[in-house]
Amino acid sequence: MADDVRDQIHKLIRLQNLETEIRNIRLVLDQVEERTRRLDAQLKEFADAVESGKGLLQELNKGYRALESELQNSQGRIDKSQEKLRAVKTNKEYQAGLKEIEDLRAIGSKIEDEMIAGLDRIEQAGATLKAHQARLDARAGEIRRDKECVLKEAEAARVRLERVEAEARQVAATVAAGVLVLYRRVKAAKTDELGVAAVHAATCRGCNVSLPPQMYNDLQRNDRLKHCPNCDRIIYWEEEDRSE
């Protein structure tokens, strides 16, 4: 009888270890999508910064060309006003012509100031774009390699999961039906999904509560499966776990 109980305990311990590994592998696989999403988001952030910088630089250059055209138009109007000024016959018309030229030159001066400021903005935008491009060039390869590593780890985890699940099914098939049902029931009620716990120095390692002395003595005889009176886990004397 003791050998039968000891054998069932060993099988439950092995099954629980395998199922714990299965749970951990699945957690890793569940995190793969989030890890790859974060890497993709980083790469997109760098690429978007470059595209945004290109767009800004394009708009600034477009604005600068518009100012150049406006300045040329203003200069053309000044030239026409100066030509017209040479043909005036009265002092009043002459003064009015001078005023018009003065106003046009003031407009031209303002446009030139805007063009100088525009060149500064273009230079700054170009430097920022260059920095964004350098960051993208430096990080893109690293991010792609990181993502490739994550996917490779995931594939290895899936292969390992298949093997462990197969072994868990094999071990479960060797556990007595009633014992397996009992184990599943206890396990389902635990947040840590552990249905079996060792007892060391008369203390259940599942809940850290001490067992009554007589119960601890009975546990060492391995005459039948026992439960922790506090957490209800199937318990075993830790001596029985040495072979594991």
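Predicted model: local features only at pLDDT ≥ 70, side-chain atom pairs only at ≥ 80, totals over all residues.
Averaged over the protein chain, the pLDDT is 90, and 96% of the residues score at least 70. Residues 240-244 are a stretch where the pLDDT falls below 50, although in the model this stretch still has nine contacts beyond near neighbours in sequence.

The largest nonpolar core is made up of 44 residues, and those with the most contacts inside it are Leu 12, Leu 15, Tyr 183, Val 196 and Ile 234. Two or more residues of this core come from each of the elements α1, α2, α3, β1 and β4, and the largest share, 18 residues, is supplied by α1. The table lists the residue ranges of some of these elements.

| Element | Residues |
|---|---|
| α1 | 2-85 |
| α2 | 91-174 |
| β1 | 196-200 |
| β4 | 234-237 |

Lys 187 lies in helix α3, which spans residues 177-188. Because its relative accessibility is 13%, Lys 187 counts as buried, the cut-off for this being under 20%. Once neighbours within four places in sequence are left aside, Lys 187 is in contact with Glu 19, Glu 193, Leu 194 and Gly 195.

Definitions and conventions
Residues numbered from 1 in each chain as written. Heavy atoms only, no water. Helix = DSSP H or I, 4+ residues; strand = E, 2+ residues; numbered from the N terminus. Buried < 20%, exposed > 50% of the residue type's maximum accessible area, 1.4 Å probe, protein only. Contact = heavy atoms within 4.5 Å. pLDDT = per-residue confidence, 0-100. Core = buried A, V, L, I, M, F, W, Y, C linked by side-chain atoms within 4.5 Å.
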